[in-house]
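This report concerns the structure shown below. It should be read with the sequence and the coordinates at hand.

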Amino acid sequence: MASIKGSGRRGIALHASLIIGVLLSAFPFYWAVIMSTHTSSEIFSYPPKLLPGSHFTENVRHLFDTVDFFGSMANSLLVATAVTFLVLLLDSLAAFVFAKFDFPGRNALFALLMLIFMVPAQMAAIPQFVIMAKIGWIGSMTSLIVPAAANAFGIFWMRQYMRSAIHDELLDASRLDGANFLRQYWHVALPVVRPGLAFLGIFTFMGQWNDYAWPLIALTNPDNVTLQVALSQLNGTHGTTDYGMVMTGAVLALIPLLIVFAIGARQIIGDLAKGAVRG
Amino acid sequence: MAVAEQTPPAVDRIRPATAPPRTGWRRHWHLYAAISPFYLLFLAFGLIPVGFSLYLSLHRWDGLGSMEWAGLTQYQYLFTDVDFWQSIGNTLIIWALATFPMIFLAMVTAVMLNSAVRFRNAYRFAYFLPNVTSVVAIAIVFGSVFSTNFGLVNALLQAVGLDQVAWLNTPWGIKVAIATLMTWQWTGYNAIIFLAGLQTIPGDLYEAARIDGAGPVQTFFRITLPLLRPTLLFVLVVSTVTGLQSFSEPQVLLQTASNESTFSGGPDHAGRTMVLYFFQQTFDNNDFGYGAAVAWGIFLVVVLFSLINWRLVQRRGEQ
């Protein structure tokens, strides 16, 4: 970083631009928190409130009276955790194969995978709904977990990552040492791609936690839904009447995810940098 | 495809020339086993449903009664359905309004992050944050930011003496609001992907460029951008596939903006994306047959558009 040394003015401009970006990223959170502390009539008045009010606890009480907030949060936690575990295992295994091995049909299978990646989820939505209704999964969390257990995106992402991060010499050496396929996967590939896994894991967890379209359809019992569906019910039916309460719901729904991110971010931020530099 | 150019793995080289070759399929059974879970799940929850949806699209069905053979009439109708074409237009406009600023800003941010040594981790944390948020929660927040009467954007416009805009009531306002939400949510995420790509570029390349007297602009276009192309391709493909299937953003943002249906996409259906239209036809109108045809139409648009993007980025790479 020799070019930056001695150019303090450029450094200040750099950090000033980056901080503007940070403020833009953070502002909607601030705005949501502020609104969750006001009553609807305060929110609807001009000028907009930019400082906290005093009605947060009132909004929270109203929120808990209106929806089963913790029940739907428990559902979201169950689905997101189960799917993340399955995706990390199954996607990285498939990605390892596509990244580092040659076998008949590999290119065709990978092309099929990319095609599947482009298949809109809604394409399967109607039949999936009909099939799951037949086997009795509709309305339960199973209907969200099983179809999401492996996905084309994760395989694509891990393959890209593994192709550059796992060196062929390393695999050749382990092969000469007598390591079989599963040992290579577990002891050679996975340790090297831990940053990629952390990224995929957090990405998957967030994606599941935030998933909305399919749960909206599959969870037919309005009293047993995930957090996002509950939140949307709140906005759809009460949005025009009690905005402060809806905002409180939005803010509280973000908290668990922010906690997961704060824990996982150290993985992403530390290891991604280290792993990328090593690769 | 790029995978075809890879050199054969070392296993072929170390196998003694005299050993009888085992047939390909059996020698590699463990590899097929390793990739099979995805394909099996896909079979059960992808291929069979997709085949079924093809079958459905050739029928009339309300989801309850008996199916009625319709031949290709659903597709005939789809092709001339003004509402479907409008939803394609809406989707592409929103996608373009969101994606181009997003990729530009993400790349600029990544380059800045790459040269900022101090506070880099804090910056990355902050930039990733928007992507952590649920679309439902943040669409509710953006709904209030763009609200006509009490929204922050209009308050700002009023403060500098400009006319207020009925953001969620005009065709362009709706699209800008949705695209702003998407740009806000995805810029930091893609910046971090770009940053990871930037960091795989060996430092000695920059060192060599510096010794050769290359300036920062020259370095960016001659070294950074070409070596970042795989990352750019990744970002573009993901943005296309997800952006063209936007559903939650317009649905939550506009679900109360019209009395017609929660999938109607606001006044004049200006925010009704392709997927919203699919949901409206299927689950509001209970027209499962036509819904299936719409889903196939969407698939075609997404594939066509992804191929165009893929080719554009690859063609540039050959030059």
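The sections below take up confidence, the contact between the chains, and selected local features.

## Model and confidence

The structure is a predicted model. The average pLDDT of chain A is 83, and 90% of its residues score at least 70. Where pLDDT is low, the predicted coordinates should not be read in detail.

## Composition of chain B

Chain B contains 14 helices and two strands. Of its 319 residues, 42% count as buried. When contacts in chain B between residues at least 6 apart in sequence are considered, 66% of them join residues at least 24 apart.

## The contact between chains A and B

Chain A contributes 82 residues to the contact, and chain B likewise contributes 82 residues. On the side of chain A that touches chain B, the largest share comes from helix α14 (residues 243-278) of chain A, with 15 residues. By residue class, this side of chain A comprises 61 nonpolar, 17 polar and four charged residues.

## A helix pair across the contact

Two packed helices are described by the angle between their axes and the distance between the axes. For helix α4 (residues 69-100) of chain A and helix α3 (residues 29-56) of chain B, the axes come within 8 Å and cross at roughly 135°. The relation of α4(A) to α3(B) is therefore oblique, since angles count as roughly antiparallel over 145 degrees and as roughly perpendicular from 65 to 115. The crossing of α4(A) and α3(B) is left-handed.

On α4(A), the contact is made by A:Leu90, A:Leu93, A:Ala94 and A:Val97. On α3(B), B:Leu31, B:Ala34, B:Ile35, B:Pro37 and B:Phe38 take part. The residues of this contact between α4(A) and α3(B) comprise nine nonpolar, no polar and no charged.

## Positive phi values in loops of chain B

Most residues other than glycine have a negative phi. B:Phe119, a residue other than glycine, has a positive phi, near 65°. B:Phe119 belongs to the loop between α5 (82-115) and α6 (120-132) of chain B. It counts as partly exposed because it has 15 C-beta neighbours inside 10 Å, and the partly exposed class lies between the limits of 12 or fewer for exposed and 20 or more for buried.

B:Asn286 also has a positive phi, near 50°, and is a residue other than glycine. The position of B:Asn286 is in the loop between α13 (274-284) and α14 (288-318) of chain B. B:Asn286 has 12 C-beta neighbours inside 10 Å and therefore counts as exposed.

## The surroundings of A:Ile138

A:Ile138 is located in the loop between α6 (125-135) and α7 (142-145) of chain A. Its 19 C-beta neighbours inside 10 Å are the reason why A:Ile138 counts as partly exposed, because a buried residue has 20 or more.

Which residues does A:Ile138 touch, not counting those up to four places away in sequence? They are A:Phe129, A:Met132, A:Ala133, A:Ser143, A:Ala218 and A:Thr220. A:Ile138 and A:Ala218 are separated by 80 residues in sequence, yet their C-alpha atoms are 5.5 Å apart in space.

How values were computed:
Residues numbered from 1 in each chain as written. Chains lettered and ligands numbered in written order. Predicted model: local features only at pLDDT ≥ 70, side-chain atom pairs only at ≥ 80, totals over all residues. pLDDT = per-residue confidence, 0-100. Axes fitted to C-alpha atoms, helices over the stretch in contact; angles between N-to-C directions. Helix = DSSP H or I, 4+ residues; strand = E, 2+ residues; numbered from the N terminus. Parallel < 35°, antiparallel > 145°, perpendicular 65-115°, else oblique. Left-handed = near helix turned anticlockwise from the far one by under 90°. Contact = placed C-beta atoms within 7 Å. Nonpolar A, V, L, I, M, F, W, Y, C, P; charged D, E, K, R; others polar.
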